[in-house]
Amino acid sequence: MLQNLIDTLAQYPALTLGVVFAAALLEAVAVIGIVVPGSTVVFAAGMLIGLRVLDPWLAGLAAVSGAILGDGFSYWLGRRYHAHLRTMWPLKAYPALYESGRAYFAQNNGKSVFLARFLGPLRAMVPVIAGMSDMPLARFTIVNVLSAIAWAAAHLLPGVLFGASLQLAGAVSSRLVILVAGLGATAWLCTVLLRLLHGRLWPIITWQRDRMVAWARTRSGVFSRAILSLLDPERPESFGLLLAALVLLGGGWLFLGILEDVVTNDPLVRIDHMVFMALQSLRTAWADQVAIMATELGSATVALTVIGAVSVLLVFKKFWRTLAYWLVAVGFSQALVWILKATLGRARPMAMYEGADRFSFPSGHAASSIVLYGFLAVLLSRGKSPGFRLGITLAAAVLIALISFSRLYLGAHWLSDVLASLSLGTAWVALLSMVYLQHVQDERLPARGLTLTAVGALVLAGTVVIVTRQAADVARYAPVPAPLASVMPDWQAEGWRRLPARRTDVGGDAEEPMSVQWVGTADGIARVLLADGWHRPPPWTSGATLLWLLPTTDVDQLPVLAKLHLGEPPALTLDKPLDPTQRLVLRLWATSFRVATETDPAQPLWIGTATLERLSRPAGIVTIALTDQDFSAASTQLAQDLRQNDVAVQIRRRDMLDVWLVQ
């Protein structure tokens, strides 16, 4: 039935586009839009786009133009008739709907025209109210056009995705139902268990807390005072202090874990390399400019200016204890950063500094920004409303995130450098906040003056630094071209032993053996294998993903599972089906070496894994690709294929496994 409907609509695309236009228009007309399923029709249009029945641009134009004209007509009605419109049909039959629209418009003003487009019955009423309220035409038109585009996209795009996978979704519908039902049952069970645990454990936790508080009230000493500060429900600041204590413990634990990984060269260091390579591959000129400006806001000049401006204000107000905490916060953090840099002596990803600045761990920019702006947010938020505290926290978090990410993007630091600085700085700010809130009770800071001082110093110093240092920093942080691969003259003799013996995953574990070493270009390798029945595997798409739910899918229709070596995906992946349920898979990574051949003095050298994948279909619901652990069989099969095509292959032995040298 569905296919017949699709075939019919395909014969009359103009009529279908007209229906889309009319539905989008009528849904936005006052009162009439209540009963017109315009959103459903536009979603169906998206589905037809996915099935290649409708042109996407024409369907989008029909939906957007209809929505714009519908809201515009409703606005014109309200502006033309004003309050008299309430006495006219059909609006007079829906007084409650009118009151709801009027209240929503009064609460949100111009924003309601955009938001109401997505809010059921209100979308057919708010444009009328906007016209009756004499909302300026230019302002209404801008909001109307933007909301129509957003509304059409929000309904067309899901329909396109659904339509593109419609036939496949029908084939796997029963299995999807089983999987969704299983996930739903699991989520329901987890919810029930959490409620049971909460119902049983929370009274015990509360009882234990009350016991500890009662005990602490009868005692004196540091420990009892700490319990009362963190757990006493009668003290309004206790929750904040408890949260700060948890942040202190979490930040300290995270920093020590990162420090251990860096010192022992654990898996996080391998993730560092992966993140660095990924970000360097994404660099563009305009993004470099933005990142350089962000990193300049975290420079020592800007930080010292903000510190000095805030210090002057605190001296002027004679807040001596707050000044002491402020100077200790920023001073101790920077001293600790320099000590760690000098002690560990970790090199940066790219050489861009001299002297002590050449060391990488931890990031000075990230540490200074989180301590400086984090503790400043604590000072500004004290005694303020939740909304003000949230705004200050978000502003500080955005600035800290921009500065920290800029260090990663520009290649100035490894990921572990930045994470260590953020965790250490968070722990230090949490500790200072706990002590400050307990011991400085009488100094109420002027939030407005302190905010203007800090923001003014940041903007002024940041502008000066950006203007005066931009050219130098563009040269300093310029992407470094990849080094030329070095020639390996003894590859066939002993050089092959210097290449990795096994694939190393992100966690640092040794996986499949690197049983293939191949000299040649990527195009040349692909040409040899494609001529022998190998294929480029299908890409990962929504349709290809659904194929894993079909028990009848042949192996050549399935994409190859992604595997990383030292955080990098293979540069070349090919597969060769052996039968409908198993295939050979070759994954190759480029090395930093070249090898001289008879036709080329420096051909690229590749290393890779040859594996056999078998399909397993548990319960006939899903398809799983399992890697056969007999790695020698897969590489031997690859070598046989190559020899049949007169490709030179030599065998070497390492770690009880064969290594095939292909040239």
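Contact means heavy atoms within 4.5 Å; helices (H or I, at least four residues) and strands (E, at least two) are DSSP runs, numbered from the N terminus. The model is predicted: local features need pLDDT of at least 70, side-chain atom pairs count only at pLDDT 80 or more, and totals for chains, interfaces and linings use all residues. Residues are numbered from 1 along each chain as its sequence is written, and side-chain values use heavy atoms, with hydrogens and water left out.

**Exercise 1.** Determine how α17 and α19 pack, and which residues meet.

*Solution.* Step 1: the axes, lines fitted to C-alpha atoms over the stretch in contact, are compared by an angle from 0 to 180 degrees between N-to-C directions. For α17 and α19 this angle is about 30°, with the axes 8 Å apart. Step 2: α17 is therefore roughly parallel to α19, a class that requires an angle under 35 degrees, whereas roughly antiparallel requires over 145, roughly perpendicular 65 to 115, and the rest are oblique.

Step 1: from α17, Ala366, Ala367, Ile370, Val371, Gly374, Phe375, Val378 and Leu379 take part; they meet Val418, Ser421, Leu422, Gly425, Thr426, Trp428, Val429, Leu432, Ser433 and Tyr436 of α19. Step 4: by class, the contact of α17 with α19 holds 13 nonpolar, five polar and no charged residues. Here Ala, Val, Leu, Ile, Met, Phe, Trp, Tyr, Cys and Pro count as nonpolar, Asp, Glu, Lys and Arg as charged, and the others, Gly among them, as polar.

**Exercise 2.** Is α17 roughly parallel or roughly antiparallel to α20?

*Solution.* Step 1: α17 and α20 pack at about 160°, and their axes are 10 Å apart. Step 2: α17 is therefore roughly antiparallel to α20. Step 3: Tyr373, Leu376, Leu379 and Leu380 of α17 make the contact with Ala447, Leu450, Thr451, Ala454 and Leu458 of α20. Step 4: this contact of α17 with α20 comprises eight nonpolar residues, one polar and no charged.
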